[in-house]
Amino acid sequence: MKTINVSVVTPDGSVYENDVQMISARTEVGEIGVLPGHIPLVTPLIIGTVRLKRDGGEDQISVSGGFMEVRPDKVTILAQSAERPEDIDVDRANESKSRAEERLRNDNDVDQKRAKASLKRAETRLQVAGK
Amino acid sequence: MASLREIKSRINSTKKTKQTTKAMQMVAASKQRRALAKAQAYQPYMEKIQEVVGSIATGDTDISHPMMESREVKKTGYVVITSDQGLAGGYNASLIRDLTKKLKERHKSTDEYTIIMVGKIGRDNARRLGLPVSEVVTELSDSPSFDEIKTITRKAIGMFENEEIDELYMWYNHFVSAIRQDVTENKLLPLTDLAEELGENASATPSYEYEPNEAVILEGLLPQYGESLIYGALLDAKAAEFGARMTAMSAASDNADSLVGELTLVYNRARQAAITQEINEIVSGANAAN
């Protein structure tokens with residue numbers, strides 16, 4: 001089966017690099033699936049899980065604050081942070097999840113938007129880590 | 001002449017100091033290697049983001065974004081990167097000196113600018129000189145992660161977006177080589193000549209489809225681009241800091257060496273003089289007894 005090269009790059013270095021059969025990621029307008037030979041495309045990603053289907057399995061990466069650049073033979077995901085399941089600090093994610101929830105309960109908090117984003121990030125991390 | 005014991009204790013304390021400076025030199029050398037590796041790991045991200053921003057900026061002429069438009073300058077923002085610790089030669093001193101000189105040239109009063117300061121040395125100097133500082137970040141780790149500095153990058157870009165400042169400059173020490181750092185000023189915002197700057201790399205890239213459209217992507221991408229420029233400067237400055245410290249400490253160790261040499265010479269002379277005097281005393285004592 002045809003494959004496409006994917007690399008996930010963050011300011012702290014490369015997180016993932018592999019040949020996969022299909023990439024599915026979440027954009028602002030919905031889920032997008034990319035197969036080998038896709039037309040060149042640039043799209044922002046929302047906080048969520050990127051799923052990479054490869055021979056005999058699937059890899060998951062939690063991504064926040066990024067966008068995806070697609071070329072026929074290569075996909076690059078640029079994100080401010082990206083983690084593979086084994087790199088996720090579950091305790092920290094749990095902590096920030098409860099912190100964000102706490103903040104959301106306080107209606108007078110001005111930073112609802114940030115708290116929501118932080119909750120979303122924490123939930124995504126937990127989901128990817130499989131906890 | 002100082003007594004033998006005094007000279008001896010000075011030799012010992014100089015040796016102790018040398019041990020410290022030598023250790024600091026070695027620590028700085030290893031930290032510098034790490035800082036450089038970090039800066040290298042960051043390169044692909046920077047290149048890619050430049051490529052995409054460049055291809056959008058050159059591909060379509062009628063795009064606009066607040067960050068790309070210059071407006072009348074009422075207030076200027078400066079991001080100044082210094083270190084938390086001294087003992088790094090002229091690393092901080094020359095930066096602060098050049099900065100204050102430039103500020104005096106460019107602005108009539110302190111109302112016209114504000115500083116986002118990284119590092120304790122810069123903070124203390126700004127306080128002493130009475131510079132307006134709106135944000136301070138200290139105690140960054142030696143190889144800072146992007147997460148650590150997100151607050152200041154966001155703050156700096158946010159101030160521009162909210163029109164609190166109308167242009168943004170960055171001051172830091174650029175890493176040239178292990179023994180050389182150059183004080184650098186970079187204009188960060190607005191990104192007026194983005195297309196020309198990034199155009200060369202962009203020409204080789206294919207024309208993209210933009211989903212949903214260019215404007216939305218720029219909306220998300222440009223702040224990210226600005227933030228990554230600041231982060232890049234910070235990594236650069238860190239490498240420069242350790243380079244400066246390494247050089248300063250190696251010079252200090254060399255000085256300690258030559259000082260120990262001189263003191264040892266003085267010590268030996270004094271010892272010799274004392275022995276000679278003692279012999280003289282014995283001989284003249286014996287002569288007198290005869």
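Author: The crossing of H2(B) and H3(B) is right-handed, a term that applies if the near helix is turned clockwise from the far one by less than a right angle, anticlockwise being left-handed. This is a predicted model, in which local features need pLDDT of at least 70, side-chain atom pairs count only at pLDDT 80 or more, and totals for chains, interfaces and linings use all residues. Residues are numbered from 1 along each chain as its sequence is written, chains are lettered from A and ligands numbered from 1 in the order in which they are written, and side-chain values use heavy atoms, with hydrogens and water left out.

Helix H2 of chain B covers residues 91–106 and helix H3 of chain B residues 120–129; helices here are DSSP runs (H or I, at least four residues), numbered from the N terminus. Their axes lie 11 Å apart and meet at an angle of about 40 degrees, where axes are lines fitted to C-alpha atoms over the stretch in contact and angles run from 0 to 180 degrees between N-to-C directions.

On the H2(B) side, the contact (heavy atoms within 4.5 Å) is made by Asn92(B), Ile96(B) and Thr100(B), and H3(B) brings Ile121(B), Gly122(B), Asn125(B) and Leu129(B). By class, this contact has three nonpolar, four polar and no charged residues, where Ala, Val, Leu, Ile, Met, Phe, Trp, Tyr, Cys and Pro count as nonpolar, Asp, Glu, Lys and Arg as charged, and the others, Gly among them, as polar.

In chain A, the crossing of H1(A) and H2(A) is left-handed.

Note on methods
Helix = DSSP H or I, 4+ residues; strand = E, 2+ residues; numbered from the N terminus.
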